[in-house]
Amino acid sequence: MTDSTDFRSETFGSFAAKAFANRSFLAGFVITVLIAAMALLSFLWTPYDVTRLIVADRMQAPSAVHLFGTDHFGRDVLSMIMVGARNSIAVALVAVGIGMGIGVPLGCWAAARGGLADEILMRFNDLVFAFPALLSAIMITAIFGPGAVNAIIAIGIFNIPVFARVARAGALSLWPREFILAARAAGKGKALITIEHILPNIANLLLVQGTIQFALGILAEAGLSYLGLGAQPPMPSWGRMLFDAQTRMIVAPYLAIFPGFAIVFTVLGLNLLGDGLSDVLDPKLRRQR
Amino acid sequence: MTAYLLKRLLIGLATLVVASLVVFGVLEILPGDPARLMLGFEATEDAIQALRVEMGLDQPLLWRYLDWVGGLLTLDFGRSYTYSVPVIDLVSERVVVSLPLALIALTLSTAIAIPVGVFSASRRGRPADTISMGAAQVGVAVPNFWFALLLIYVFAVWLRLVPAGGFPGWSAGAWPALKALMLPAVALALPQAAILARVTRSALLEVLGEDYIRTARAKGMPRRTVLWRHALRNAMIPVLTILGLQFAFLLAGTIIIENVFYLPGLGRLVFQAITQRDLIVVESVVMLLVASVIVVNLLVDLSYALVDPRLRVNR
């Protein structure tokens, strides 16, 4: 068995070559880049203005003029999906940032200290896991009011124990290793060792978990905005588009098709990326697949 | 083993107590006076005060907390602000929708996922494996409420086999009621089944590399027996862990799915109660859901010992 990959031991070029040889990574990478590009493009250009309501053009089936059709306000569905991607990505990305930013230091701290600190962290994890995440997200957004920012906070809170757990498990397996012992013998403190040796070596685990939580965040945001608790109109969001589509499904099924595909495509891309990354970064896992 | 279970039991209880503090505390900071909300804007100040006293809102915080917990333990959940009926009546009337829904979904997802996982693992790397795991990969990415919309379109709007939503009640007979729960259960089960199939497959693949599997095969035991009897049983622990975790997802899923299908279940009740600021209903139902998650995970811990006799002596 090889040791876990140390990021610093290989050049970025050789890592990239290995990664792109992995089919799962390649597919995930292409999809993710496409979605991200679409979201970025929406800042500069969309086929139509999503804030302008043209009632005369409402509920048009997909055509050359409106590729994905128009909604009940005459807004172009393709443009709305492009702008909605922005919202989905921003919410999920910041939520992952919150989870990592708070969870990783907590997990590393618990692993370094052990004993009571560790026990308290694990019990805190038990507590958060006992609350069905969506239920609590609904409570949080209902208390502080619906909106993208509160959706971020609600989803972010549930990322904290996930990252704390991953960081803790990774760090715990490293502490007894020789190179850490050597660093301790050299007189380095626990905090310094964590920053210099533990973090670079658990970065791969965190990266993989990050893509998974990113994907889950997209799904959670869609769920919240479907319930009307995410981004508020006129800001388009994929979940909200599906909610609006539901009552009009008999006349305009395409309204429910395209936003759904956008969600599936994005989540699928991120999951493939995560799978590919864990294959490339952890040779031990690859043998099991 | 006993010590281990005792420890889990204590942790479960402690989690429950802290959870109750969190739920109570969070709802305490919610803006708005429940008495004022109940009586509406035209109510006089005296009437509001009288109601506050009647509902015990004038009591000290700690006293109200203890009163609430005592009520939960004796199944006296108080009265709903908006419905003006005992919360226990609301809950018992809705649980008969949500519980069967969750159970059907759980059964369905297990019944799909385990055979697919086993099948995939046994044909590792072959087209059948690639196809089923590709399907699972897509299944994980599908939001359950969108899948629900597609199901409604195909089976309710287009084929007209089942109703698009609503619930006739069990008094209308078992068949119409089950028919109304069918699409929601499938919508809930699919993403869960996709995750479970992936976990089953990878747990099995890990076990299939073990020496005792080779021994069993070497002594001439049929492939199928080795797979289902020896390998699957040893791969059950990660599968059970995920099943336990999925229960919480399933409960959360019912909130969305019950909204999609207009089912009068616990999920819809709690969602409506939150938006209507019906705190007493929110508190009780959330605690009920959290308690059931904790209990299910305790049961999962217990079931490890049933599946793996080694754990009965060690730990």
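User: Which domains does the domain assignment of chain B give?

Analyst: This is a predicted model, and in it the assignment gives domain 1 (2–73) and domain 2 (93–314) of chain B. Taken over C-alpha atoms, the centres of domain 1 of chain B and domain 2 of chain B are 33 Å apart.

User: What makes residues of domain 1 of chain B and domain 2 of chain B count as in contact, and how many does each give?

Analyst: A pair counts if the C-beta atoms, placed from the backbone, lie within 7 Å. So, by that cut-off, the contact takes 17 residues from domain 1 of chain B and 13 residues from domain 2 of chain B.

User: Which elements give two or more residues to the side of domain 1 of chain B that touches domain 2 of chain B?

Analyst: They're α1 (2–28), α2 (34–39) and α4 (61–73) of chain B. The largest share, 11 residues, comes from α1(B). That side divides into 12 nonpolar, 4 polar and 1 charged.

User: How many residues of chain A are in contact with chain B?

Analyst: With the 7 Å cut-off again, 33 residues of chain A are in contact with 34 residues of chain B.

User: What gives the most to the side of chain A that touches chain B?

Analyst: That's α10(A), with 8 residues. The elements giving two or more residues to this side of chain A are α4 (115–130), α5 (133–144), α8 (190–226), α9 (238–246) and α10 (254–281).

User: How do the residues on that side of chain A divide into nonpolar, polar and charged?

Analyst: The side of chain A that touches chain B has 25 nonpolar, 5 polar and 3 charged residues.

Notes
Residues numbered from 1 in each chain as written. Chains lettered and ligands numbered in written order. Predicted model: local features only at pLDDT ≥ 70, side-chain atom pairs only at ≥ 80, totals over all residues. Domains from an automatic or database assignment. Contact = placed C-beta atoms within 7 Å. Helix = DSSP H or I, 4+ residues; strand = E, 2+ residues; numbered from the N terminus. Nonpolar A, V, L, I, M, F, W, Y, C, P; charged D, E, K, R; others polar.
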